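Thanks for coming. I will go through one model, strand by strand and then ring by ring. Please look at the sequence and the structure now.

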Amino acid sequence: DLNLSKIKQVATGTRHTIILKEDGNVFTTKYSLYENYGQNGDGANNFQQQTQNGFNLITFFKNNKIINIAAGGFHSAFIDEQNILWCCGNNDHGQLGFGHDNTDKSMLPTQNPYFMKNKTKIIQIVSGCYHNLCIDDNGICYGFGNNGYGQCGVNKTTQMILSPEKISITPNCKIAKIKAGFNHSYMSSER
């Protein structure tokens, strides 16, 4: 049940909203008939469970407690209590970080292969319209997705960053906070 007094975090995308409850359950708005890319975590299918408030439980995560969420234009990102990053939705700019720019509307949330291969623990994720930034447990920041304006923070002229790339900053500097807008990003370091 979506009790509005026990909300930990809210993330809004272009046509969807995600709510993270204190108990780790995740709810999202019912998918739109327009531009549904599977960003609601249901594989672009009808939700099996609905609440009275117009939000639906993402049953895919029933065995995973989610601790952080982000909503991009038409994609979503979730971090579970093992610090594993899961993504779903539109991927036409590589914003899911899977190493390609194909979109599978029926895809359920999927673990990021780069971070799984490298055993990287992600502690924070933010989404712009077509890009993401995330921080690992060592304070290293990564960017992936649309980089047309340099919003991924990587020193490249590449239009799309298909897999997460470390953002080069001053040595021994740890990133503490990140934010993302439509085509821009912000990072701040620890003191």
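In the hairpin of S2 (17-21) and S3 (26-29), four residues lie between the strands, and Gly24 there takes a positive phi near 90°. This is a predicted model: local features need pLDDT of at least 70, side-chain atom pairs count only at pLDDT 80 or more, and totals for chains, interfaces and linings use all residues. Residues are numbered from 1 along each chain as its sequence is written, and side-chain values use heavy atoms, with hydrogens and water left out. Strands (E, at least two residues) and helices (H or I, at least four) are DSSP runs, numbered from the N terminus.

S2 and S3 run antiparallel and are joined by three bridges; two strands pair if DSSP finds at least two bridges between them. Ile18 has Thr28 in S3 as its bridge partner. On the other pairing, S3 and S4 are also antiparallel, again with three bridges, and Thr28 stands opposite Asn56 in S4.

Which way do the side chains of S3 point? Val26 and Thr28 point one way, Phe27 and Thr29 the other, and all are buried. Buried means under 20% relative accessible area, exposed over 50%, and partly exposed in between, with a 1.4 Å probe and protein chains only. In a regular strand the side chains alternate between the two faces of the sheet.

Next, the open sheet. Its four strands have the order S5-S6-S7-S8, with antiparallel pairing. S5 and S8 are the edge strands, each pairing on one side only. S7 and S8 are joined by two bridges, and Trp86 stands opposite Gln111 in S8.

Lys119, in the loop between helix H1 (113-117) and S9, has a phi of about 50°; Lys119 is exposed, at 73% relative accessible area.

Now the rings. Rings of Phe, Tyr and Trp (its six-membered ring) pair if their centres lie within 6.5 Å; planes under 30 degrees apart count as stacked, over 60 as edge-to-face and the rest as tilted. By this rule there are eight aromatic pairs. Why is the pair of Phe61 and Phe78 tilted? Their ring centres are 4.9 Å apart and the planes are at 55°, so the pair counts as tilted. Phe61 sits in the loop between S4 and S5, and Phe78 in S6, 17 residues apart, so to speak a link between distant parts of the chain. Both are buried. Tyr114 and Phe115 have ring centres 5.3 Å apart and planes at 80°, so that pair is edge-to-face. Tyr114 is partly exposed at 25%, whereas Phe115 is buried at 2%. Phe60, Phe61, Phe78 and Trp86 form one aromatic cluster.

Last, the nonpolar cores. A nonpolar core is a set of buried Ala, Val, Leu, Ile, Met, Phe, Trp, Tyr and Cys residues joined through side-chain atoms within 4.5 Å. The largest has 30 residues, and Phe78, Leu85 and Ile125 touch the most other members. S2, S5, S6, S7, S9 and S11 each supply at least two residues of this core. Apart from it lies another core of seven residues, including Leu133 and Ile167.
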